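Please look through the sequence and the model shown here before reading on. The report is meant for a reader who meets this structure for the first time.

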Amino acid sequence: MLKKVKFQSKMIFFHIVIVLFVSAALMGIFYRYVVDAITERTNDDFEVIATSVADRLDNHLYNMDKTALQIAANPNIVSVFQKVDQEPDSNFFIREPLIASEVIKLLNSYNFKKDGYARICLYNDDQDFVCTATTVTTATGTEAYFSGEEYAKIRDFFRQEDSFVCFVPPQNDVLNDTGLSEKMYFSVVRQIKDYSSNSLKCGYVEVQEFAERLDEMFYGIGKDINSVILTDEGEAVYRSFGSESGRTESRLEAMIQMASEGRLTDGDKSVPGRYVCSRKLRNAPFTILFEKPENVLMEPLAQFNRLMILGMLLILITAIVTEILIVRKLSKPLTELNRSIKTISLEHFRMDVAGYESSDELVQIKNAFNAVLSRMKESVEQQYAAETNELKSHLFALQSQMNPHFLYNILAIISMESQADGNKKVENICSRLCKMLRFTSSMEDGFCTMEREAENAVNYMELMKERYEDLFEYEVHMDQALSAVRIPKLMIQPVCENCFKHSFKNTEPVWKIRLLVYAEDGKWFIKVHDNGTGFAEEYLEEFGRMKENLTFKNVRESLEQISIGGLCIPNIYMRLMICYDRNFECRLYNDEEGAVVLLGGELE
């Protein structure tokens, strides 16, 4: 396939392939290094974000627990709850508004220092309840709280041994049953008691915070990161979904199950296409599970891929342009040498390479090549002169062999017509015969115009018309643009004569000859068509073998073997070969009407 490609193109192609191979190898190594670095850095950044969020939540829960502990251990609070009379049917702090006011004032000192909590509640198992809050707290909501399961869970928790702090996961705000707000809250609960002796357990302090605070913490970590807060028992108590929450919930459930079974670690790839990171809180019995799609983590890598592709294209374009310039510069002398060789001909038998006199190699090649060309030119000129003289001799010999037996036929016609007195045919026959004799005897250079050749053939066919009258018809169609074209003499008339000698010999009249002269594909063509018996297959095979075996060297031998009866077609073929080398046409074939002879040569 590459044989047809130019030398310059081959050099450029192979060099570019090498450059691309080396560049691809280096880019592959660099790409692998960058991918590993970006992956490691992205994962580290993700883990840093996860650690930061976990620390913020851990600190917030710690501060809530600290506030609850300070209130629960406050002597004033402990003293108030120790003095509360046990009347389950009514709230002590409603019956004693002054005491309630003092307690709320004390609670406000804890709640509104900087960022206040949603609600700080004080209550006991006798359903005595007081609170300070930034939201609404209703009496019916308080009653619902004490009759609900969340209060029962807190009560039962602290009845266990070594239970000091209770962390309540996010849940609906039962204390506000106005229907105006559906906020959720999470809280930290401590027992009100004498912490120095771990005695006098008389109530609970619950510091509540809206779940919106969790949303604020998790919102800043990224829209595609999904987060889950799990208890130590593996229960999911809070979920924060990214932009594709609907599609990730099922995967989150699978990861929650794995985490509850202790089978999930940081960087776990058990769930395809996701990156997982978990953080255990130090100050609360919770674990935060973070997960993010790998395609989001690899966004910096996607940008790097685009830069890599752009870089490869720039390298490729630069390599191609540079290679083309270098190859053209280096191969220009060879191109000039090739161009100079193509200009060598018989008229210009010399190689010229201008503008590279400073190149010793090219000068030496040019001098050596010109010396060879000089010797070749002398030899060609000698051989050409010898062959030209020989071919001219053969040409004249062939033309002189043309069978003149038609003259005898014409004389017989004149003899018969002269017996009739006053017949104008004699004058016409003699006139055309004179023209034919003059045309035939004028040798000149062996060539004539197409117009004169056709006129000679018409004169012959008119003479045949005078002889056979209505028994013979002919047609001549000639392209007038070919009138001045020079061709070898006696191409048409011998073929027409051959029709009478052979084709019409065993054919009943009316005999017909159709002559066509036309040009096609840079050649002139003469087609002679008759309605005779056609060529015998043996003759066509013999003529084909003669064409295959005939060369310039054996033309003389072939002439010596031609008999008088077979001079017409072989004679024409040999003269065409001498005049046109191999760039000519000489075909014999039969069609449905008769024989066809097609002659042709190159237009000058």
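The sections below go from the whole chain to its sheet, its helices and a few backbone details.

## Basis of the report

This is a predicted model, in which local features need pLDDT of at least 70 and side-chain atom pairs count only at pLDDT 80 or more, while totals for chains, interfaces and linings use all residues. Residues are numbered from 1 along each chain as its sequence is written, and side-chain values use heavy atoms, with hydrogens and water left out.

## The chain as a whole

The protein chain has 18 helices and 16 strands, where helices (H or I, at least four residues) and strands (E, at least two) are DSSP runs numbered from the N terminus. Of its 604 residues, 41% count as buried; buried means under 20% relative accessible area, exposed means over 50%, and partly exposed lies in between, with a 1.4 Å probe and protein chains only. The accessible surface comes to about 33900 Å², and 54% of that belongs to carbon and sulfur atoms; such areas come from the Shrake-Rupley method with a 1.4 Å probe, and for residues only the protein chains shown count as cover.

Among contacts between residues at least 6 apart in sequence, 64% join residues at least 24 apart, a contact being heavy atoms within 4.5 Å.

## Two annotated segments

An unreviewed UniProt entry places the feature "transmembrane region" at residues 12–34 and 307–327; UniProt positions are given in the numbering used here, feature names are shortened, and annotations may be inferred rather than shown by experiment. In the model, residues 12–34 are 100% helix and 0% strand, with the end C-alpha atoms 31 Å apart. Residues 307–327 are likewise 100% helix and 0% strand, and there the end C-alpha atoms are 30 Å apart.

## A five-stranded sheet

An open sheet of 5 strands has the order β2-β1-β5-β4-β3, with antiparallel pairing; two strands pair if DSSP finds at least two bridges between them. β2 (129–133) and β3 (165–172) stand at the edges with a single partner strand each, so one side of each is left without a neighbour in the sheet. Neighbouring strands of this sheet are turned by 20° against each other on average, direction ignored.

Strand β5 (residues 199–210) is mostly covered, with 9 of its 12 residues buried. On one side, β5 pairs with strand β1 (residues 119–123) in the antiparallel sense over 5 bridges; within this pairing I120 stands opposite V207, and R119 stands opposite Q208. Strand β4 (residues 184–194) also runs antiparallel to β5 and is joined to it by 9 bridges, with V189 opposite E206. β4 and β5 form a hairpin with 4 residues between them, and N198 in the turn has a positive phi of about 55°. Helix α2 (residues 75–83) lies across β1, β4 and β5 and runs at about 115° to β5; axes are lines fitted to C-alpha atoms, for helices over the stretch in contact, and angles run from 0 to 180 degrees between N-to-C directions.

## The helix pair α14 and α15

Two packed helices are described by the angle between their axes and the distance between the axes. Helix α14 (residues 450–468) and α15 pack at an angle of about 25°, with their axes 9 Å apart. The two helices are therefore roughly parallel to each other, a term for angles under 35 degrees, whereas angles over 145 count as roughly antiparallel, 65 to 115 as roughly perpendicular and the rest as oblique. The contact is made by E453, N456, A457, Y460, M461, M464 and Y468 of α14 and by Q493, C496, E497 and F500 of α15.

Helix α15 (residues 493–503) is mostly covered, since 9 of its 11 residues are buried. Its buried residues include Q493, C496, E497 and F500, as well as P494 and V495.

## Backbone details in loops

Most residues other than glycine have a negative phi, and most peptide bonds are trans. D162 has a positive phi near 55° and lies in the loop between α6 (149–158) and β3; at 66% relative accessibility, D162 counts as exposed. E469 has a positive phi of about 50° although it is not a glycine. This residue, E469, lies in the loop between α14 and β11 (472–478) and is partly exposed, with a relative accessible area of 41%.

A cis peptide bond joins P509 and V510, with omega about 10°, and V510 has its place in the loop between α15 and β13 (511–520).
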